[in-house]
Amino acid sequence: TAERRFSRIGDFDAQSYEDLSQKRVLIIGAGALGNFVALGAALEGIGEIDILDFDEVEAHNLNRQIMFYDSVGKPKAISLAEKIRQVNPNIKVRGLVGKLDENSTYFSENKPDLILDCVDKFSVRAITNYFAVHNGIPLVSGGTNSSSGQVVVYEPGQTACLECKL
């Protein structure tokens, strides 16, 4: 019985996955959720990953921001980009130190295929939504706390955006 129970035969049907090597994502927020999202994006083989965050790593971050084990005092975006490059050296990763606000020029110079919102402030989430809607870029917005999490997907022209829902 044990041999059947732990056998992988018949557990799943192998699926072919889309080649993501030509895709670019913007990850806003390099904190706890941003650490895992960036790691997942790298492991999925997304070709270009931009990580935007203004903050520096502090010692109290280390219990939930696993990629910063040796980065206290360094900019989160730069440190996370360095770690992600080690995970997958075949992709392009940029750490962008800064804030997304109404003066941001990122979207005039770049057109990501997807925005991944990993922030913890509603004001940043709102401005992220604005840029997603006005540039026609799908947005995946996530948030967590110690006991729960949420993920919402907004696709311009297909689903209601954050502002529409409010």
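Student: Which residues of α2 are buried in this predicted model?

Tutor: In α2, the buried residues are Gly34, Asn35, Ala38, Leu39, Ala41 and Ala42.

Student: What makes these residues line one face of the helix?

Tutor: Look down the axis of α2: the buried residues fall within an arc of 165°, so they line one face. As a general point, an α-helix has 3.6 residues a turn, so residues three or four places apart point the same way. On the other side of α2 you find Leu43 and Glu44, which are exposed.

Student: What do the buried residues of α2 pack against?

Tutor: They pack against β1 (24-28), β2 (48-53) and α3 (76-87).

Student: How do you know that the span of α2 agrees with what a helix should give?

Tutor: At 1.5 Å a residue, the 13 residues of α2 (residues 32-44) should span 18 Å. The end C-alpha atoms of α2 are 19 Å apart, so the two agree. Just after α2 comes Gly45, with a positive phi of about 85°.

Student: Why are α2 and α3 called roughly parallel?

Tutor: Their axes cross at roughly 30°, and angles under 35 degrees count as roughly parallel. Therefore α2 and α3 get that label. The two axes come within 9 Å, and the crossing is right-handed.

Student: Which residues meet where α2 and α3 come together?

Tutor: From α2 there are Gly34, Asn35, Ala38, Leu39, Ala42 and Leu43, and they meet Leu80, Ile84 and Val87 of α3.

Student: Why is Lys76 called buried?

Tutor: Lys76, a residue of helix α3, has a relative accessible area of 6%. Buried means under 20%, so Lys76 counts as buried.

Student: Which residues does Lys76 touch?

Tutor: Leaving out residues up to four places away in sequence, Lys76 touches Ala30, Gly31, Asp53, Asp55, Glu56, Val57, Asn61, Gln65 and Phe68.

Student: How do you know that the reach of α5 is close to the expected one?

Tutor: Helix α5 (residues 122-135) has 14 residues, and at 1.5 Å a residue 20 Å is expected. From first C-alpha to last, α5 reaches 20 Å, close to that value. Gly136 follows α5 and has a positive phi, near 65°.

Student: Which residues of α5 are buried, and what covers them?

Tutor: The buried residues of α5 are Arg125, Ile127, Thr128, Asn129, Phe131 and Ala132. Their cover includes β1, α4 (106-109), β4 (114-117), β5 (139-144) and α6 (162-165).

Note on methods: Residues are numbered from 1 along each chain as its sequence is written. This is a predicted model: local features need pLDDT of at least 70, side-chain atom pairs count only at pLDDT 80 or more; totals for chains, interfaces and linings use all residues. Side-chain values use heavy atoms; hydrogens and water are left out. Helices (H or I, at least four residues) and strands (E, at least two) are DSSP runs, numbered from the N terminus. The expected span of a helix is 1.5 Å times one less than its number of residues. Buried means under 20% relative accessible area, exposed over 50%, partly exposed in between (1.4 Å probe, protein chains only). The arc is that of the directions from the helix axis to the C-beta atoms. Contact means heavy atoms within 4.5 Å. Axes are lines fitted to C-alpha atoms, for helices over the stretch in contact, and angles run from 0 to 180 degrees between N-to-C directions. Angles under 35 degrees count as roughly parallel, over 145 as roughly antiparallel, 65 to 115 as roughly perpendicular and the rest as oblique. A crossing is left-handed if the near helix is turned anticlockwise from the far one by less than a right angle, and right-handed if clockwise.
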